Amino acid sequence: MYIFYSDVHLQHNPAFEIFDGGEKVPNFESPERAERILKTLKQKSWAEIHSPTDFGMEPILEVHDADYITFLQNSFAEWMQTETETNFSKSALLPATFPAGKWRHKPVSLLGKAGYYIQDLSAPIVEGTFAAAIAAANCALSGANAILTNQKSSFALCRPPGHHAGKASCAGYCYINNAAVAANFLSKRGKTAILDIDYHAGNGTQDIFYDRCDVLTISIHDDPGHAYPYFAGYPEETGEGIGFGFHQNYPLFDGTNDDQYLETLQMAVEKIIAFDPAYLVISAGMDLYCGDPLGKFNITTDGINRIGKEISNLGKPTLVIMEGGYNNDALGTNITTFLENFV
Ligand code: OKP
Ligand code: ZN
């Protein structure tokens, strides 16, 4: 199986995030995550690890707002040159003001723009964020290209992840929506379905494809009424305009076990069969695992294997994209167990 990995991800290493309750904690989405996965993959005879090809900005600008991408690219350098009222040293750009109310005028000010584009306190921008996010998108595009040519499946070891990034927003460790960039690229050659199995709802992917009928998007996740990202991921959100009926959320509950998850996955699989896509993209977050510090499901490694088998039985050319997963000791085993179904 072709695996796409870039060490440019190491340049994105924010020292902190602001966690629930306003606590400043080390960033859960650490470089170690990708390095542990890579190490496990290197022990597998089926894993062919490649560097991504550079696809340029065009495929990214087809799913993201150009001003947002310019903000991602330039804001950290501008922030470093900005005089502030305090003497605290600046290690990351993170806003303190958000447009949660009725009005969202895009301001001129850098800090104002930060609040406009950054949705929450788990997406700090540091010096290497843009380069790493572009490299991750190129891993996804390279994986897409592999299944367009002769590969039955491929894996993009993306870091930072992408599924919370919307058309013009970053959030939840995500800056560029890798799965969306890849799916949009694939959709020029045939109908494409994205199935998101990360513990958290794929709200960025939902945002990007909400009004499209050529890309079916499905997310299975914990109930956003009680879990991040809170404001989207509900079952009544099913698309708009010509995209109506082409998005589906399947919220589950804390403690969901293997059998319960597989029952819901069956419904998702039936929707995919009815849509009959030419290509399948999996947003593979491994935080559905029972031992994840940010997840509350009760899914075992064997359950992850069964989920992989069920999806591979669809028999579609499949691109697997790395999303979340924060139990670093189990991460390598869990994602390789999932991937082995597609070898
Ligand atoms: C990113 B991905 C949870 C705090 C939420 C952000 C979580 C982002 C998850 N109590 N912090 O979907 O794995
Ligand atoms: Zn997640």
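The zinc ion (ligand 2) is coordinated by Asp-198 (OD), Asp-198 (OD), His-200 (ND1) and Asp-287 (OD), at 2.0 to 2.8 Å. Donors are N, O and S atoms within 2.8 Å of the metal (3.2 Å for Na, K and Ca), and sites may look incomplete as water is not among the atoms. This is a predicted model: local features need pLDDT of at least 70, side-chain atom pairs count only at pLDDT 80 or more, and totals for chains, interfaces and linings use all residues. Side-chain values use heavy atoms, without hydrogens and water; residues are numbered from 1 along each chain, and ligands from 1 in the order written.

**Zinc site**
- The donor residues are spaced D-x1-H-x86-D in sequence.
- Asp-198 lies in the loop between β6 (192-196) and α7, and Asp-287 in the loop between β9 and α9 (301-312), so the pair ties together parts 89 residues apart in sequence.
- Helices (H or I, at least four residues) and strands (E, at least two) are DSSP runs, numbered from the N terminus.
- Both Asp-198 and Asp-287 are buried, meaning under 20% relative accessible area (1.4 Å probe, protein chains only).

**Nonpolar cores**
- The largest nonpolar core has 53 residues; Ile-176 and Ile-321 have the most contacts inside it.
- A nonpolar core is a set of buried Ala, Val, Leu, Ile, Met, Phe, Trp, Tyr and Cys residues joined through side-chain atoms within 4.5 Å.
- Its largest share, 12 residues, comes from α5.
- A second, separate core of 48 residues includes Ala-47, Tyr-261, Ile-307 and Ala-330.

**Around Ile-321**
- Leaving aside neighbours within four places in sequence, Ile-321 is in contact (heavy atoms within 4.5 Å) with residues including Ala-140, Phe-155, Cys-158 and Val-281.

Conventions
Buried < 20%, exposed > 50% of the residue type's maximum accessible area, 1.4 Å probe, protein only.
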